[in-house]
Amino acid sequence: MSLGRTGVTVSRLILGCAPLAGLFAPVEAGAAAATLAAAWDSGVRAFDTAPHYGAGLSEERLGSFLADKVRPACVVSTKVGRLLVPTDDDVEGVEGFFGAARRSRVYDYSRDGVRRSLEQSCARMGLDRVDVALIHDPDEHWDIAINEAYPALEELRSEGVVAAIGVGMNQTTMIERFVAETDIDCVLTAGHYSLLDSSAGDSLFPACVAAGVAVLAAGVYQSGILANPRPGAMFNYRVAPPEITARVSQIARVCAAHAVPLPAAALHYVVANPAVTAVVIGARSAGEADDNARHLNTIVPPELFDELAALGLVAPLTGAAPD
């Protein structure tokens with residue numbers, strides 16, 4: 001699938017590399033390497049990371065894995081907006097990451113900060129360039145993000161340091177502003193287009209289609225509850241409240257009646273939207289990476305989503321998936 005007008009081509013499934021850096025729980029280096037290998041073997045050729053993930057640990061582990069891969073064969077996406085500095089503070093569990101590198105995160109959306117961020121990311125990954133650079137979580141930093149971070153990425157794109165630029169956030173309103181006011185190539189929206197929350201489909205997706213901006217949909221499992229609705233499952237980075245757990249249980253029963261695994265339904269609901277170029281799904285083990293690929297290849301009858309919508313459990317599907 002092509003990212004807008006850039007010529008950058010991504011696999012339909014992009015491996016989200018936050019879990020590899022200890023999101024919610026530590027992940028050993030060997031397990032991270034096995035996860036990346038399993039994703040690669042399943043056909044994944046696009047990887048999304050960020051300095052924020054494990055304070056650089058995600059980028060380091062991804063870079064180690066890609067060291068012996070032919071570079072044009074894969075696409076690497078990282079993010080700008082947080083610089084990493086060494087610290088003597090206890091970093092265990094900070095911002096949800098365990099086993100992270102001993103570094104602290106400093107928000108910096110300035111022109112110089114963006115350039116330094118990409119330089120540091122490339123150094124951690126052992127790369128001379130990245131394919132995609134996204135402004136990461138500028139929720140409270142609109143002015144400097146639009147006036148400095150975005151122009152800096154435009155410069156880097158024109159210099160060939162990156163091929164595609166965009167924004168990645170856990171909201172939709174500010175992303176829509178970027179789509180309307182800039183010449184970005186893609187957006188990554190997390191947690192706002194899924195079986196449980198289809199709000200990105202209301203106005204963001206139509207705006208992206210009209211502007212020729214590619215959509216990368218992340219958080220399709222809503223932090224885990226749609227992949228494994230066990231007791232204590234996570235929803236939007238927190239333990240799921242009872243009403244969400246009950247709703248997921250109802251959705252799971254309908255899926256079971258159609259002989260469709262819940263995570264397969266969650267994944268196919270997202271890829272069925274014609275605005276979605278690719279989905280970003282994390283994995284913390286080789287088994288989870290294999291599961292993601294299997295769910296993508298599962299046949300899910302449209303009638304399943306019709307029934308879920310008729311029961312008021314999900315929003316009706318919009319359009320059909322592109323060929």
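In which loop is D131 found? D131 is found in the loop between α3 (111-125) and β6, where helices (H or I, at least four residues) and strands (E, at least two) are DSSP runs numbered from the N terminus. The structure is a predicted model, in which local features need pLDDT of at least 70 and side-chain atom pairs count only at pLDDT 80 or more, while totals for chains, interfaces and linings use all residues. Residues are numbered from 1 along each chain as its sequence is written, and side-chain values use heavy atoms, with hydrogens and water left out.

**The surroundings of D131**

- D131 is buried, with a relative accessible area of 10%; buried means under 20% relative accessible area, exposed over 50%, and partly exposed in between (1.4 Å probe, protein chains only).
- The side chain of D131 reaches the backbone nitrogen of V76 at 2.7 Å, which falls under the heading of a polar contact (a pair of N or O atoms within 3.5 Å; within protein, one must be able to donate a hydrogen and the other to accept it, and residues adjacent in sequence count only if both atoms are side-chain atoms).
- When neighbours within four places in sequence are left aside, D131 is in contact with R71, C74, V75, V76, V162, A163 and A164, contact being defined as heavy atoms within 4.5 Å.

- Strand β7 (residues 164-169) is mostly covered, six of its six residues being buried.
- Both faces of β7 are covered, with A164, G166 and G168 buried on one side and I165, V167 and M169 buried on the other.
- Strand β6 (residues 132-136) pairs with β7 in the parallel sense over five bridges, where two strands pair if DSSP finds at least two bridges between them.
- Within this pairing, A133 stands opposite I165 in β7; the chain crosses from β6 through helix α4 (residues 142-158) to β7, and this β-α-β crossover is right-handed.
- A crossover is right-handed if, with the strands pointing away from the viewer, the path from the first strand over the helix to the second runs clockwise.
- β7 is also joined to strand β8 (residues 186-190) by four bridges, the two strands running parallel, and the bridge partner of M169 in β8 is T189.
- A right-handed β-α-β unit is made by β7, helix α5 (residues 173-181) and β8.

**Strand β12 and its partners**

- In strand β12 (residues 276-282), which is mostly covered, six of the seven residues are buried.
- Strand β1 (residues 13-16) runs parallel to β12 and is joined to β12 by four bridges, with G16 standing opposite G282.
- Strand β9 (residues 214-218) likewise runs parallel to β12 over four bridges, and here A217 stands opposite V279.

**Helix α1**

- At 1.5 Å a residue, the 13 residues of helix α1 (residues 29-41) should span 18 Å, and the end C-alpha atoms are 18 Å apart, which agrees; the expected span is 1.5 Å times one less than the number of residues.
- The buried residues of α1 are A32, T35, L36, A38, A39 and W40, and what covers them includes β1, β2 (46-48), α2 (57-66) and α9 (286-296).
- α1 is followed by G43, whose phi is positive, near 110 degrees.

**Salt bridges**

- A search of the whole structure finds 16 salt bridges, each a side-chain nitrogen of Lys or Arg within 4 Å of a carboxyl oxygen of Asp or Glu.
- The side chains of K69 and D68 meet in a salt bridge (3.0 Å, N to O); K69 counts as partly exposed at 21% relative accessibility, whereas D68 is exposed, with a relative accessible area of 63%.
- R115 forms a salt bridge with E155, the closest N and O atoms being 3.3 Å apart, and this pair links distant parts of the chain, with R115 in helix α3 and E155 in helix α4, 40 residues apart.
- E154 and R157 meet through their side chains in a salt bridge (4.0 Å, N to O), and, being three residues apart in helix α4, they are separated by about one helical turn.
- E154 counts as partly exposed at 32% relative accessibility, while R157 counts as buried at 19%; salt bridges that share partners join R5, E154, R157, D183 and D185 into one network.
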